[in-house]
Amino acid sequence: MPPALKVPLLIALLWMRVLQGQGRYIEQNGINDDPFGLLSSEMKREFPQGNIHSQSLKCVDMLMVEGQFSFRADGPQLNCAVFLMVDPDEVISLEYNNVNIDCQAGDFLKVFDGWILKGNVFPSPMDHALPISERYVDFCEGRNLNTAIRSKQNVAMILFQIHTAGNGFSLTIRHSINPFPCNMISKNPEGRFTMVIPHRQSNCSFSMIYPTEVRISNVTLGHTNDVTIPVKNCGGATDFVQLLGGNTLDPSRMLPMGEICHPFSGSAPMKISCENTVVRIVSSGRQTNRLTFEYRQLERHELEKQCK
């Protein structure tokens, strides 16, 4: 399939996952928007032809660009969610310009550091520095107008509900480079990426929310490279690379497909026919770990039965 067609189809896939999976918010909301209308709107946001600023938001929306955005309720708008996504090596900065909601009447406006889909969280609680309860920034609690809220990875969410017509908010979204990205969701159907974990105890995941072929070309685990093939289980290793697959967003709930716990240089391809594919580095913090890999979305005829 030509790359020009794959990118819009990936955005469509993202939206279908959003609309199918955001059950806690969407199933109760009774959203009347046509999903294909939302997809068409999002494609324009991803590939703008003119000025991207001062655009209006929908109750359920997705943003991949910088700019100024606003929402004004035309009636009760309950359990709304705006999904934010940037390039894997970027983070998101959000600042409210104006907020007119009634917190006492049950309105709320929150930013969540990560994504929630199908009741699962990315990054998982095991991989994020903060517990889930502290990953919410609640406007009604802090009244943090003109204070920048910054994500720790390339995805975040705005959650809100507004009961009164005419109420709403406006905000500015900016992107900035993350020198050591950790925990990312790919917004492209294919690419090449290098993760570097510099003497930091952390688990870092690169997630692709589609069936994927991953081709690992280089792994450095604080040592001089020597060619080693991936093994199924690394036992008591404290620094290693995992390949995971599953029909969930949370890497901690995925199935292990392979592990590498020695330095590696060469070509190690693996096809994972699950809804989600993750390349993950587990680091003890005692050394600098580096991983380089390529990935591409599998074609339909390449899919195998691997996940339940």
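In strand β12, the bridge partner of Glu95 is Thr172. This pair sits in a predicted model, where local features need pLDDT of at least 70, side-chain atom pairs count only at pLDDT 80 or more, and totals for chains, interfaces and linings use all residues. Residues are numbered from 1 along each chain as its sequence is written, and side-chain values use heavy atoms, with hydrogens and water left out. The briefing covers sheets, disulfides, cores and a cavity.

**Sheet with β5 and β12**

- Strands of a sheet pair through backbone hydrogen bonds, either parallel or antiparallel.
- Strand β5 (residues 90-100) and β12 run antiparallel, joined by ten bridges.
- Both belong to an open sheet of five strands, in the order β1-β3-β12-β5-β10, with mixed pairing.
- Its edge strands, β1 (55-56) and β10 (149-150), each pair on one side only.
- Strands here are DSSP runs of E, at least two residues long, and helices are runs of H or I, at least four residues long, numbered from the N terminus.
- Two strands pair if DSSP finds at least two bridges between them.

**Sheet with β17 and β20**

- Another open sheet of five strands has the order β13-β15-β20-β17-β18, again with mixed pairing.
- Its edge strands are β13 and β18 (255-260), and each pairs on one side only.
- Seven bridges join strand β17 (residues 240-246) to strand β20 (residues 276-283), and the two run antiparallel.

**Strands β2 and β4**

- β2 and β4 run parallel and are joined by four bridges.
- Leu63 has Leu84, in β4, as its bridge partner.
- Which residues of β2 point one way, and which the other way?
- Val60 and Met62 point one way, Asp61 and Leu63 the other way, and all are buried.
- Buried means under 20% relative accessible area, exposed over 50%, and partly exposed in between (1.4 Å probe, protein chains only).

**Disulfides**

- A disulfide is a covalent bond between the sulfur atoms of two cysteines.
- Here the test is a pair of cysteine sulfur atoms within 2.5 Å, and the structure holds three disulfides.
- Cys59 and Cys80 are joined with an S to S distance of 2.1 Å.
- The pair links distant parts of the chain, 21 residues apart: Cys59 is in the loop between β1 and β2 (60-63), and Cys80 is in strand β4.
- Their S-S torsion is about -95°, so the disulfide is left-handed.
- Cys59 is buried, at 7% relative accessible area, and Cys80 is buried, at 1%.
- Cys103 and Cys140 have their sulfur atoms 2.0 Å apart.
- This pair also links distant parts of the chain, 37 residues apart, with Cys103 in the loop between β5 and β6 (108-112) and Cys140 in helix α4 (residues 139-142).
- The torsion about the S-S bond of Cys103 and Cys140 is about -85°, so this disulfide is left-handed.
- Is Cys140 buried or partly exposed?
- Cys140 is partly exposed, with a relative accessible area of 22%, whereas Cys103 is buried, at 16%.
- Cys182 is joined to Cys204, with an S to S distance of 1.9 Å.
- The two lie in distant parts of the chain, 22 residues apart: Cys182 in the loop between β12 and β13 (184-185), Cys204 in strand β15 (residues 202-208).
- The S-S torsion of Cys182 and Cys204 is about -100°, so the disulfide is left-handed.
- Cys182 is buried, at 12%, and Cys204 is buried, at 0%.

**Nonpolar cores**

- In soluble globular proteins, nonpolar side chains tend to be buried together.
- A nonpolar core is a set of buried Ala, Val, Leu, Ile, Met, Phe, Trp, Tyr and Cys residues joined through side-chain atoms within 4.5 Å.
- The largest core has 44 residues, of which Trp115, Met195, Ile216, Leu291 and Phe293 touch the most other members.
- Strand β16 (residues 212-221) gives the largest share of this core, four residues.
- Another core, of 29 residues, lies apart from it, with Ala73, Val82, Val99 and Leu171 among its members.

**Cavity**

- A cavity is a set of points, on a 1 Å grid over the protein atoms alone, where a 1.4 Å probe fits but cannot get out, and its lining residues have an atom within 4 Å of a point.
- A search of the whole structure finds one cavity of 30 Å³ or more.
- Residues including Leu63, Leu84, Ile173 and His175 line the largest cavity.
- β4 (77-85) and β12 (168-177) each supply at least two residues of this lining.

Methods:
1 Å grid on protein atoms, 1.4 Å probe; cavity = no way out; pocket = protein on both sides within 12 Å on 5 of 7 lines; lining within 4 Å. Points joined across faces, edges and corners; volume = space filled by probe spheres on them.
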